[in-house]
Amino acid sequence: MSILGSLFGRGKAESKSATPAPQAAEQGESKPAPDQPVFVVGDLHGRVDLLEHILELIDLRIGELRLDNPKLVFVGNLIDHGPASADVVRRMQELTSEFPTNVQCLLGSNEQMCLDFLEAPVARQARWLKDGGAMTLQSYAVGLPGSEPQEAVRVAADLKQAMGDEVIAWLRARPSLVSSGNLHVVHAAADPRRAMGDQADRVLTWGHPEFLGVARSDNQWVAHGHSVMEQPEMKDSRISVNTAGWKTSVLSAAMILPDGRVDFLQTKP
């Protein structure tokens with residue numbers, strides 16, 4: 001089905017993105033070839049304003065090119081750092097529920113840290129709070145824990161109540177991989193020396209030391225967020241879309257078509 005208009009229902013965006021020129025695979029290199037048009041959206045980190053803007057830009061592109069049956073994949077890291085984590089999660093729940101075959105969202109490392117905190121608050125609080133978790137607590141109107149261990153337990157209980165069982169279950173159900181043709185979308189990385197069907201969830205969510213330095217040799221392409229880039233890029237069988245939108249206000253997305261064309265869309269700061 002076409003999701004133009006009926007998916008987002010916003011009409012035209014007020015301003016178009018600053019879109020880098022389309023990139024193509026170098027001569028002799030394989031091309032990404034998804035089974036359908038795929039839009040991969042970078043880390044949102046609590047910026048619901050950027051989410052709404054990138055949806056408008058994607059909707060415009062779908063209409064301009066008359067794309068049939070497009071898929072939207074969000075790479076995760078919906079929460080932390082930015083001011084509106086709760087709103088981003090709520091909006092993403094709406095989209096994935098209303099359009100389950102066309103909109104998918106991966107589990108990001110920050111969602112995993114939040115879930116770990118809820119399960120083991122004393123042991124896990126320091127890591128999560130250091131990586132932006134305080135902003136998620138604030139978005140759910142939950143105060144920071146004090147210095148006593150029991151405070152972390154109290155805050156975890158308050159956050160569970162504020163989020164609700166449905167949200168927590170939805171976060172836990174997020175996949176670590178979405179594939180279409182020879183295109184594989186992950187949050188962080190993939191082991192370049194292993195087949196995509198033989199990847200560990202931890203690698204897909206947290207990263208791999210060789211991912212950004214070793215190109216794949218199996219005609220498979222990996223689109224990802226997590227690692228911050230100055231600009232989105234297509235290189236060595238990787239398509240990178242995380243431009244730290246939460247602090248730059250430049251949220252990036254990649255449009256990947258079955259013929260190998262890749263365009264990048266960006267919000268304006």
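Which loop does Arg66 lie in? I looked, and Arg66 lies in the loop between helix 1 and strand 2 (71-74). Helices (H or I, at least four residues) and strands (E, at least two) are DSSP runs here, numbered from the N terminus.

Before going on, I noted that this is a predicted model, where local features need pLDDT of at least 70 and side-chain atom pairs count only at pLDDT 80 or more, while totals for chains, interfaces and linings use all residues. Residues are numbered from 1 along each chain as its sequence is written, and side-chain values use heavy atoms, with hydrogens and water left out.

Entry 1: Most residues other than glycine have a negative phi. Arg66 isn't a glycine, yet I found a positive phi of about 50 degrees for it. I also checked its surface: Arg66 is exposed, with a relative accessible area of 74%. My cut-offs are under 20% relative accessible area for buried, over 50% for exposed and partly exposed in between (1.4 Å probe, protein chains only).

His45 is another non-glycine with a positive phi, near 45 degrees. His45 sits in the loop between strand 1 (38-41) and helix 1. Is His45 buried or exposed? His45 counts as buried because its relative accessibility is 6%.

**Entry 2: strand 6.** Next I followed strand 6 (residues 221-224) and found both faces covered. Trp221 and Ala223 are buried on one side, and Val222 and His224 are buried on the other.

Which strands pair with it? Strand 5 (residues 183-186) does, in the parallel sense over three bridges, and Leu183 stands opposite Trp221. Strand 8 (residues 238-240) also pairs with strand 6 in the parallel sense over three bridges, and there Arg238 is the bridge partner of Val222. I call two strands paired if DSSP finds at least two bridges between them.

I then traced strand 5, helix 7 (residues 201-206) and strand 6, which make a right-handed β-α-β unit. Right-handed means that, with the strands pointing away from me as viewer, the path from the first strand over the helix to the second runs clockwise.

**Entry 3: the cores.** A nonpolar core is a set of buried Ala, Val, Leu, Ile, Met, Phe, Trp, Tyr and Cys residues joined through side-chain atoms within 4.5 Å. The largest one has 46 residues, and Phe74, Leu78, Leu159 and Met163 touch the most other members. Helix 1 (residues 48-65) gives the most to this core, with seven residues. Apart from it lies another core, of 17 residues, including Leu106, Val178, Ala223 and Phe264.
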